[in-house]
Amino acid sequence: MKLELNNLTKIFGDYAAVDHVDLVMGNGVYGLLGVNGAGKTTLMRMLCTLLKPTEGSILCNGRDIFKMDGEYRKLLGYLPQDFGFYPE
């Protein structure tokens, strides 16, 4: 599996949480390091299709992950510290 982030940007008001990121990832284990507010959680939420980017695209094997819908989520494994989607 190959994930490609092309010019990925997410803007909240006047703040660019993720600013024009280009990255290609193949199979393997990856980690994100950075100070608070660096955009790690925002990037992960876009990779999990919980947030749509303001600009750019995320491709899985050349296909837009937001158009793949459930097919993409079957390939994805993600366990955040605090999910916040479900009240209990």
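Residue numbers start from 1 along each chain as its sequence is written. Because the model is predicted, local features need pLDDT of at least 70 and side-chain atom pairs count only at pLDDT 80 or more, while totals for chains, interfaces and linings use all residues; side-chain values use heavy atoms, with hydrogens and water left out.

**Confidence and fold**

The protein chain has a mean pLDDT of 90, and 92% of its residues reach 70 or more; pLDDT is the predictor's confidence in each residue, from 0 to 100. Three helices and four strands are present, in the order β-β-α-β-β-α-α from the N terminus. These elements are DSSP runs numbered from the N terminus, with helices (H or I) of at least four residues and strands (E) of at least two. The table gives the elements with the lowest and the highest mean pLDDT.

| Element | Residues | Mean pLDDT |
|---|---|---|
| helix α3 | residues 70–73 | 88 (lowest) |
| strand β3 | residues 55–60 | 98 (highest) |

**Overall dimensions**

The C-alpha trace spans about 35 × 30 × 25 Å along its principal axes. Of the 88 residues, 27% count as buried, meaning under 20% relative accessible area (1.4 Å probe, protein chains only). Among contacts (heavy atoms within 4.5 Å) with a separation of 6 or more, 50% join residues 24 or more positions apart.

T9, in strand β1 (residues 3–12), counts as buried because its relative accessibility is 1%. Leaving aside residues up to four places away in sequence, T9 touches V18, D19, H20, P53, T54 and E55.

**Largest pocket**

A pocket is an open set of points on a 1 Å grid over the protein atoms alone where a 1.4 Å probe fits, with protein on both sides within 12 Å along at least five of seven lines; lining residues have an atom within 4 Å of a point. The largest pocket has a volume of about 490 Å³, the space filled by probe spheres set on the points.

Its lining has 20 residues, and L3, M25, Y30, M44 and L47 lie nearest the centre. Both β2 (15–25) and α1 (40–47) supply at least two lining residues, and α1 gives the largest share, three residues. By class, the lining holds 14 nonpolar, five polar and one charged residue. Here Ala, Val, Leu, Ile, Met, Phe, Trp, Tyr, Cys and Pro count as nonpolar, Asp, Glu, Lys and Arg as charged, and the others, Gly among them, as polar.

Conventions. Buried < 20%, exposed > 50% of the residue type's maximum accessible area, 1.4 Å probe, protein only.
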